[in-house]
Amino acid sequence: MVGLGNPGPEFEATRHNVGSDTVTLLAGRHGGRLRPEKGLHSQACVVHIGGRRVLLAIPSTYMNESGLAVTELVRRAGVAPDAVATQLIVVHDDLDLPPARVKLKAGGGNAGHNGLKSIDNHLKTNDYLRVRIGIGKPPGRQSGAAFVLKRPGAAERDLLAVAVTEAAEAVEAVLSEGIEVAMNRVNTAP
């Protein structure tokens with residue numbers, strides 16, 4: 001399970017880092033401690049969720065190189081190429097969803113998300129589970145890149161904190177109840 005974001009204090013609490021925030025929350029909830037892993041370009045730990053052993057990771061690469069870390073993580077976890085669709089979960093921000101809306105998606109396009117593009121290119125597939133956390137569209141003429149790298153105001157920050165919790169619960173549901181049950185619950189929530 002991989003949470004996308006950018007490394008470094010200048011990117012902490014930005015919209016683009018809600019994926020890595022989710023993994024940090026999951027690690028804490030399940031007794032894990034994320035640490036740099038040699039050869040993985042990631043901070044990682046192993047925890048148990050829903051009776052399953054789960055490798056949690058946050059790439060230490062910048063977003064547009066996430067695929068490098070994810071490829072190494074998939075290899076380290078022993079996930080066969082034909083099993084990526086059922087054994088890889090990527091949590092990321094999504095401009096196409098309203099702020100704080102969480103949705104699960106199996107496979108599909110990358111909607112211009114540079115982290116997903118990188119993963120697709122490195123893995124040679126886009127067939128993996130995504131936990132999408134809505135951050136909404138940039139206001140006015142602000143570019144998408146500037147918007148995702150900005151820290152939100154207090155009200156939006158509170159909404160995104162709730163969404164990160166919901167995303168963590170969605171991951172827990174996938175692992176303990178299965179993708180179908182989790183998708184029905186998460187994707188139909190108001």
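Residues are numbered from 1 along each chain as its sequence is written, and side-chain values use heavy atoms, with hydrogens and water left out. Because the model is predicted, local features need pLDDT of at least 70 and side-chain atom pairs count only at pLDDT 80 or more, while totals for chains, interfaces and linings use all residues. Helices (H or I, at least four residues) and strands (E, at least two) are DSSP runs, numbered from the N terminus.

**Helix α2 and its surroundings**

- Helix α2 (residues 66-76) packs on helix α4 (residues 114-123) at an angle of about 50 degrees, with the axes 7 Å apart; axes are lines fitted to C-alpha atoms, for helices over the stretch in contact, and angles run from 0 to 180 degrees between N-to-C directions.
- That angle makes α2 oblique to α4 (under 35 degrees counts as roughly parallel, over 145 as roughly antiparallel, 65 to 115 as roughly perpendicular and the rest as oblique).
- On the α2 side the contact (heavy atoms within 4.5 Å) is made by Ser 66, Gly 67, Leu 68, Val 70, Thr 71 and Val 74; on the α4 side it is made by Gly 115, Ser 118, Ile 119, His 122 and Leu 123.
- By class, the residues of this contact of α2 with α4 are five nonpolar, six polar and no charged (Ala, Val, Leu, Ile, Met, Phe, Trp, Tyr, Cys and Pro count as nonpolar, Asp, Glu, Lys and Arg as charged, and the others, Gly among them, as polar).
- Eight of the 11 residues of α2 are buried, so the helix is mostly covered (buried means under 20% relative accessible area, exposed over 50%, partly exposed in between, with a 1.4 Å probe and protein chains only).
- The buried residues of α2 are Ser 66, Gly 67, Ala 69, Val 70, Thr 71, Glu 72, Leu 73 and Val 74, and they pack against β1, β3 (42-49), β4, α3 (84-87) and α4.
- Gly 78 follows α2 and has a positive phi, near 75 degrees.

**Contacts of helix α6**

- Helices α1 and α6 pack at about 60 degrees with their axes 9 Å apart, and are therefore oblique to each other.
- α1 passes α6 in a right-handed crossing.
- From α1, Val 18, Asp 21, Thr 22, Leu 25, Leu 26 and Arg 29 take part; their partners in α6 are Leu 160, Val 164, Thr 165, Ala 167, Ala 168, Glu 169, Val 171 and Glu 172.
- The contact of α1 with α6 holds eight nonpolar, two polar and four charged residues.
- Helix α6 (residues 154-177) and helix α7 (residues 179-188) cross at roughly 145 degrees, and their axes come within 7 Å.
- This crossing of α6 past α7 is also right-handed.
- Ala 170, Ala 173, Val 174 and Glu 177 of α6 meet Ile 179, Val 181, Ala 182, Arg 185 and Val 186 of α7.
- Seven nonpolar, no polar and two charged residues make up the contact of α6 with α7.

**Aromatic pair**

- The count is one aromatic pair, where rings of Phe, Tyr and Trp (its six-membered ring) pair if their centres lie within 6.5 Å.
- The ring centres of Phe 11 and Tyr 62 are 6.0 Å apart and the planes stand at 80 degrees, so the pair is edge-to-face (planes under 30 degrees apart count as stacked, over 60 as edge-to-face and the rest as tilted).
- The pair links distant parts of the chain, 51 residues apart: Phe 11 is in the loop between β1 (2-3) and α1 (18-29), and Tyr 62 is in the loop between β4 (52-59) and α2.
- Phe 11 counts as buried at 16% relative accessibility, whereas Tyr 62, at 44%, counts as partly exposed.

**Single residues**

- His 92 lies in strand β5 (residues 89-94) and is buried, with a relative accessible area of 2%.
- Not counting residues up to four places away in sequence, His 92 touches Leu 4, Val 18, Gly 19, His 113, Leu 116, Arg 130, Val 131, Arg 132 and Ile 133.
- His 41, in the loop between β2 (35-37) and β3, has a positive phi near 50 degrees without being a glycine; His 41 is partly exposed at 36% relative accessibility.
- Lys 124, in the loop between α4 and β7 (129-134), is not a glycine either, yet has a positive phi of about 65 degrees; Lys 124 is exposed at 72%.

Definitions and conventions: Left-handed = near helix turned anticlockwise from the far one by under 90°.
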